[in-house]
Amino acid sequence: MKFRTRFTDLVGIDYPIVQGGMMWVGRAELASAVSNAGGLGIVTALTQPSPDALRGEIERCRSMTRKPFGVNLTILPSVNPPPYAEYRNAIIDSGIKIVETAGHNPQEHVAHFKAHGITVIHKCTAVRHALSAQRMGVDAISIDGFECAGHPGEDDIPGLVLIPAAADKVRIPMIASGGFGDGRGLVAALSLGADGINMGTRFCATVEAPIHPRVKQLLVDNDERGTHLIFRSLRNTARVGKNSVAEKVVEILKAPDAKFEHVAHLVRGAQGRVLLETGDLDAGLVWAGQVQGLIHDIPTVGELMERIIREATDIVRGRLPGFLHD
């Protein structure tokens, strides 16, 4: 049984389920597992230390799956920005056909990708940003509700409102992100007007996710309340899983004169990588969404995908028709 939507037709996959392009997690073993299971796996470009390393990771993923997969390129403001143009060229040179962009001012990158015939999905957190990306010429939108891990924007609009609000105005295929982890969520997203779902945190709690088992177990043990919103006072809100580091960041930033430099030593990306790789849950931040409340086990990617599609099929064929009466 396949779920056919505009998005599955666009990228050539069986099921409208996309793996989030997560820093340190979007590696070949996870991306290939998602693609092999019928979804769209994503390799995260900036997880690799150099454009050449990205070329190698793309080839490693290609050796593990013959199915479509994409590459995420996230553009963020930085004092010392990575060589985005070189990473972009590595993606193009490697023959990648699907790219997910995210972050600020992607127009230069979108134009270059489109000039090389690449399908571009842009990830955003607001209807106005989705419409801007649509005008820019992207092929699909991934829209993040307030429930998501990472940066949900500053509008605090949950998916139940954001997804249909975007569907009312966006004319290209759209993926719903934030809070999705099972078949119920997939059916809900399709009902709200989306063409599929993006899952990040849920895919972290799978056998193939390249992170320490203690981190996966944390996602199982936490519930829907197990997140903190940090950087709110800095107008750069981020949702992370609850741990001792997140607690410290929240406490420090409560001070009226608090600045980013007061917490910089706690939130460095390198520290988050240490946490993911060693399982030291006090080493840094763990990026996780409210969907933790729906995570109760650590299956293989294949088992998880099969379960989601089975649940969604049962709902569409079994539960929903039962509500209809003459």
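Arginine 184 is exposed, at 54% relative accessibility; exposed means over 50% relative accessible area, buried under 20%, and partly exposed in between (1.4 Å probe, protein chains only). This is a predicted model, in which local features need pLDDT of at least 70, side-chain atom pairs count only at pLDDT 80 or more, and totals for chains, interfaces and linings use all residues. Residues are numbered from 1 along each chain as its sequence is written, and side-chain values use heavy atoms, with hydrogens and water left out.

Arginine 184 has a salt-bridge partner, aspartate 182. Their closest N and O atoms are 2.7 Å apart. A salt bridge here is a side-chain nitrogen of Lys or Arg within 4 Å of a carboxyl oxygen of Asp or Glu. Aspartate 182 is buried, with a relative accessible area of 9%. Elsewhere, salt bridges that share partners join Arg27, Arg273 and Glu277 into one network.

The salt-bridge count is 20. One of these pairs is arginine 128 with aspartate 155, at 2.8 Å, N to O. Arginine 128 lies in helix 6 (residues 127-136), and aspartate 155 sits in the loop between strand 6 (140-144) and helix 7 (159-167), so the pair ties together parts 27 residues apart in sequence. Helices (H or I, at least four residues) and strands (E, at least two) are DSSP runs, numbered from the N terminus. Aspartate 155 is partly exposed, at 36% relative accessibility.

Next comes arginine 232 with aspartate 156, a salt bridge of 2.6 Å, N to O. This pair links distant parts of the chain, 76 residues apart. Arginine 232 is in the loop between strand 9 (227-230) and strand 10 (238-241). Aspartate 156 is in the loop between strand 6 and helix 7. Arginine 232 is partly exposed at 32% relative accessibility, and aspartate 156 is partly exposed at 30%.
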